[in-house]
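Please examine the sequence and the coordinates shown here.

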Amino acid sequence: MNRVVTHELIHAFDHCRAHVNWFTNVRHLACSEVRAANLSGDCSLVNEIFRLRFGLKQHHQTCVRDRAILSILAVRNISKEVAQKAVDEVFESCFNDHEPFGRIPHNKTYARYAHRDFQNRDRYYSNI
């Protein structure tokens, strides 16, 4: 349940922050889906083991790309090639965008670190 709520809250964050045009721009949708798959825990090692899909080299990136394509195909009536092209175009920048967490919260420990970073976000700049 936490994963699903986090996934949807990332879409809400993108909607408020980036003014995403969900219905006419497939690249906006692709970016939000990449971010949601990356940050929500959809591609955690435990989930991938349960799906019997895991690897060693850049598996997280492959999983995020695949989950984003599947999500786009679930909500838009477009071909798989168009969805793949949209994901490929935005993948690098959207995969590296970790807002609002600042890092990928792979587990509860990383989530606590992200929360701590959020609480201390103004500490550095207040001393300048």
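## Overall architecture

The structure is a predicted model. The chain contains 7 helices and 0 strands, so that its elements, read from the N terminus, follow the order α-α-α-α-α-α-α.

Of the 128 residues in the chain, 34% are buried. The accessible surface amounts to about 8700 Å², and carbon and sulfur atoms account for 56% of that area. When contacts between residues at least 6 apart in sequence are considered, 60% join residues at least 24 apart.

## Helix α5

Helix α5 spans residues 80–95 and bends by about 40° at Glu89. Its buried residues are Ala83, Ala86, Val87, Val90, Phe91, Cys94 and Phe95.

Is Ser32 buried or exposed? Ser32 counts as buried because its relative accessibility is 1%, whereas the cut-off for a buried residue is under 20%.

Leaving aside residues up to four places away in sequence, Ser32 touches His11, Asp14 and Trp22.

Key. Residues are numbered from 1 along each chain as its sequence is written. This is a predicted model: local features need pLDDT of at least 70, side-chain atom pairs count only at pLDDT 80 or more; totals for chains, interfaces and linings use all residues. Side-chain values use heavy atoms; hydrogens and water are left out. The bend at a residue is the angle between axes fitted to the seven residues ending there and the seven starting there. Helices (H or I, at least four residues) and strands (E, at least two) are DSSP runs, numbered from the N terminus. Buried means under 20% relative accessible area, exposed over 50%, partly exposed in between (1.4 Å probe, protein chains only). Contact means heavy atoms within 4.5 Å. Accessible areas come from the Shrake-Rupley method with a 1.4 Å probe; for residues, only the protein chains shown count as cover.
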